[in-house]
Amino acid sequence: MSSEFDRDESLDRELETRLGQALRALPERRAPATLESRVLDTLAWRAPLPWWRRDFREWPAAARVAFGVTSAALIVLTVLAAAAANANLGSLGASEALSTPVLHDASVLFVIARTLSNSLTTILSSGWALGCLIASAALYAALFGLAIAGYRTLYLNADPEGRP
Amino acid sequence: MFMRAYQNMVFSTAARLAGNDAQAEDIAQEVFIKAYENFGHLRQSATAGGWLKTVATNLSLNYLTRYRKRWRLFSESESVPDVPLPDGALDSLSEDERRAALEEALRRLPAHQRVPLVLYHFEDLPYEDIAAKLGISLAKVKTDIRRGRAALAPMLRLHGIGGGS
């Protein structure tokens, strides 16, 4: 009984040794040709974009504040500059004191623009015109939002390998 | 360059453990993405190959564990499929064909035999470490490896080292 057990043990060890040799002699499997491109595509897909190319909500807080302050300052400056130019050129055009033809023509154009804007203000003060304008803006915003949602769903969230 | 140097080793490790080339490619992809994340110290490291092999092994085992229930990976009741060996044709096989036949026989082993066998013979892990990694008893590891060897024993004849004894 004991000798039979010893023989089995010996056979097991011999099989272990020989099979181990045969398995270790196996060459490495060749990796698929697609592996490298898959890895590179995935790395490119995962690479983080610089902050200025990401969604505004992901910008650093300081950058968002600076952007807001700069934008507000530019808006204020533009409005003030337009108001100042309107006042100066309008009065010059009305007084006909300009001797240079170019400045004279510019002042006339500005007076025309001011007149147009006054007319528009009058029209918009009526309810239906303002309603039409708001409705148009809302439709435009909805279309813009739809386009963004489609772009994000179909393009940004698409798998680079085309998997669902 | 780095990837080309190691991709066959990583893929082989994953393929022998997972027993499935498509899944091995997924695992190898994940290994190299982890390598990229640690490329700073791997690039200069002399042990980069060992690191990659360890990660490939661990990811393969994670993968197998994740699908353990579906595959009944460590089920005692899972039967060993026969690997038919047509007697007459074996002697005429070339060396490459014999190796391919052994690789195929290994792949066809049930996972609960193949995985500990690969960890023992390819990764040089002792029985105790295999049991700890797979979360099974030492006795079961030994039994599964012994049965796996027995299933592959006929293949040794292909290699001219007399497995039939």
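Asp124(B) counts as exposed, with 10 C-beta neighbours inside 10 Å. Asp124(B) lies in the loop between α8 (111–121) and α9 (127–134) of chain B. Its phi is positive, about 60 degrees, although Asp124(B) is not a glycine. The model is predicted. Chain B has ten helices and zero strands; chain A has five helices and zero strands.

**The loop residue and its flanking helices**

- Why does Asp124(B) count as exposed? The cut-off for that class is 12 or fewer C-beta neighbours within 10 Å, and Asp124(B) has 10.
- On one side of this loop is α8 (111–121) of chain B, and on the other is α9 (127–134).
- Eleven of the eleven residues of α8(B) are buried, so this helix is largely enclosed by the rest of the structure.
- The buried set of α8(B) includes His112(B), Gln113(B), Arg114(B) and His121(B). Also among them are Val115(B), Pro116(B), Leu117(B), Val118(B) and Leu119(B).

**Packing against α10(B)**

- How are α8(B) and α10(B) placed relative to each other? Their axes come within 8 Å and cross at roughly 95 degrees. That makes α8(B) roughly perpendicular to α10(B).
- From α8(B), the residues that meet α10(B) are His112(B), Gln113(B), Arg114(B), Pro116(B), Leu117(B) and Tyr120(B).
- Their partners in α10(B) are Val141(B), Asp144(B), Ile145(B), Arg147(B), Gly148(B), Arg149(B) and Ala151(B).
- By class, the contact of α8(B) with α10(B) holds six nonpolar, three polar and four charged residues.
- α9(B) also packs on α10(B), at an angle of about 105 degrees and with the axes 9 Å apart. These two helices are therefore roughly perpendicular to each other.
- α9(B) brings Tyr127(B), Glu128(B), Ile130(B) and Ala131(B) to this contact. α10(B) brings Leu138(B), Val141(B) and Lys142(B).
- The contact of α9(B) with α10(B) has five nonpolar, no polar and two charged residues.

**The nonpolar core**

- The largest nonpolar core has 40 residues. Which of them touch the most other members? They are Val10(B), Phe11(B), Ala14(B), Ile27(B), Ala28(B), Val31(B) and Ala56(B).
- α1(B) gives the most to this core, with seven residues.
- Where does the core lie? Domain 1 (2–66) and domain 2 (87–159) of chain B both give residues to the core, so it lies between them.
- Ala14(B) touches Ala24(B), Ile27(B), Ala28(B), Ala56(B) and Ser60(B), leaving aside residues up to four places away in sequence.

**Leu64(B) in α4**

- Leu64(B) sits in helix α4 (residues 48–66) of chain B.
- Is Leu64(B) buried or exposed? Leu64(B) counts as buried, with 22 C-beta neighbours inside 10 Å. The cut-off for buried is 20 or more.
- Leu64(B) and Ala18(B) are 46 residues apart along the chain. Their C-alpha atoms are separated by 6.8 Å.

**The side of chain B that touches chain A**

- How many residues of chain B are in contact with chain A? There are 27, and they meet 23 residues of chain A.
- Four helices of chain B give two or more residues to this side: α1 (2–18), α2 (21–37), α7 (95–108) and α10 (138–156).
- The largest share, seven residues, comes from α1(B).
- By class, this side of chain B has 14 nonpolar, eight polar and five charged residues.

**Chain-level figures**

- Chain B has 165 residues, and 33% of them count as buried. Chain A has 164 residues, and 5% of them count as buried.
- For contacts with a separation of 6 or more, residues 24 or more positions apart account for 63% in chain B. The corresponding figure in chain A is 27%.
- Along the sequence, chain A reads α-α-α-α-α.

Technical notes:
Residues are numbered from 1 along each chain as its sequence is written. Chains are lettered from A and ligands numbered from 1 in the order in which they are written. This is a predicted model: local features need pLDDT of at least 70, side-chain atom pairs count only at pLDDT 80 or more; totals for chains, interfaces and linings use all residues. Two residues are in contact if their C-beta atoms, placed from the backbone, lie within 7 Å. Ala, Val, Leu, Ile, Met, Phe, Trp, Tyr, Cys and Pro count as nonpolar, Asp, Glu, Lys and Arg as charged, and the others, Gly among them, as polar. A nonpolar core is a set of buried Ala, Val, Leu, Ile, Met, Phe, Trp, Tyr and Cys residues joined through C-beta atoms within 7 Å. Domain bounds come from an automatic or database domain assignment. Axes are lines fitted to C-alpha atoms, for helices over the stretch in contact, and angles run from 0 to 180 degrees between N-to-C directions. Angles under 35 degrees count as roughly parallel, over 145 as roughly antiparallel, 65 to 115 as roughly perpendicular and the rest as oblique.
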